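Have a look at the structure with me first.

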Amino acid sequence: MVLLGLAALFASPLWCIAVLVKLVSVALPGRRPDRGVHLLRWSARMAVAAAVGCYLLSSGAVAFAEHESRSGADSSPAPACRGEEVPRDTRLRLVTHRASYLPPAFDCVLDDGTTYESSGLYDRLNMCVVVFAVGAGALAASAGRVAARRDRARAVPGADGVLGGPADAGSDDRGHDDRVSGAPGA
């Protein structure tokens, strides 16, 4: 799990670069006609990738803290539970720790059974996972609604401005504007 967390850590700059390149490409001319749906779907995929990446980072941190608490002469109580921000009297009462991967957390257990979180990192990363996952769902649902609306508009003859279907087979173009130049009868 630590290796997956490290892979997510090293992949996150690539993710950021991909998002920046996409944002720049949206602003440039020559976009696709269905750019709205395409952008929503791409954004949903990127949000899923971010949620998975945050989960892997958090799980990797838990696995690293777990490994650190089982290895070496100074491993008990867990080094993650003995930070400088923890008061000395609390550190003296440490008994063990609890690691969880769903949701990722590393809790320190005191002699009276109470627990405290070893770091605020897990709460922040877990919140990022939830926000990105909910955002991905909302983006995917929006893309589905936009695509369905576009498909309904295309199903109605002439609704998308394209003439020449079966109802227009015998018509001439004298009364219609050109779609590109706007010139009448072109």
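Which helix do E66 and R70 both lie in, and how many residues apart are they? I found both in helix α2 (residues 35-70), four residues apart, about one turn of the helix. I take helices (H or I, at least four residues) and strands (E, at least two) as DSSP runs, numbered from the N terminus.

A note on what I am reading: this is a predicted model, where local features need pLDDT of at least 70 and side-chain atom pairs count only at pLDDT 80 or more, while totals for chains, interfaces and linings use all residues. Residues are numbered from 1 along each chain as its sequence is written, and side-chain values use heavy atoms, with hydrogens and water left out.

**Entry: salt bridges**

I searched the whole structure and got four salt bridges. The term stands for a side-chain nitrogen of Lys or Arg within 4 Å of a carboxyl oxygen of Asp or Glu.

I looked up E66 and R70 again: they form a salt bridge, with the closest N and O atoms 3.6 Å apart. R70 is exposed, at a relative accessible area of 60%. My scale is buried under 20% relative accessible area, exposed over 50%, and partly exposed in between (1.4 Å probe, protein chains only).

Next I checked D111 and R93, whose side chains meet in a salt bridge of 3.2 Å, N to O. This pair links distant parts of the chain, 18 residues apart: D111 sits in the loop between β2 (104-110) and β3 (115-117), and R93 in the loop between α3 (88-92) and β1 (94-101). D111 is exposed at 51%, whereas R93 is partly exposed at 29%.

R150 and D151 form another salt bridge, the closest N and O atoms being 4.0 Å apart. R150 is partly exposed at 25%, and so is D151 at 43%. I also noted a network: salt bridges that share partners join R93, D111 and D112.

**Entry: the sheet**

I then followed the strands. They make an open sheet of three in the order β1-β2-β3, with antiparallel pairing; two strands pair if DSSP finds at least two bridges between them. The edge strands, β1 and β3, each pair on one side only.

How many bridges join β1 to β2? I found seven. One to look up yourself is T96, whose bridge partner in β2 is V109.
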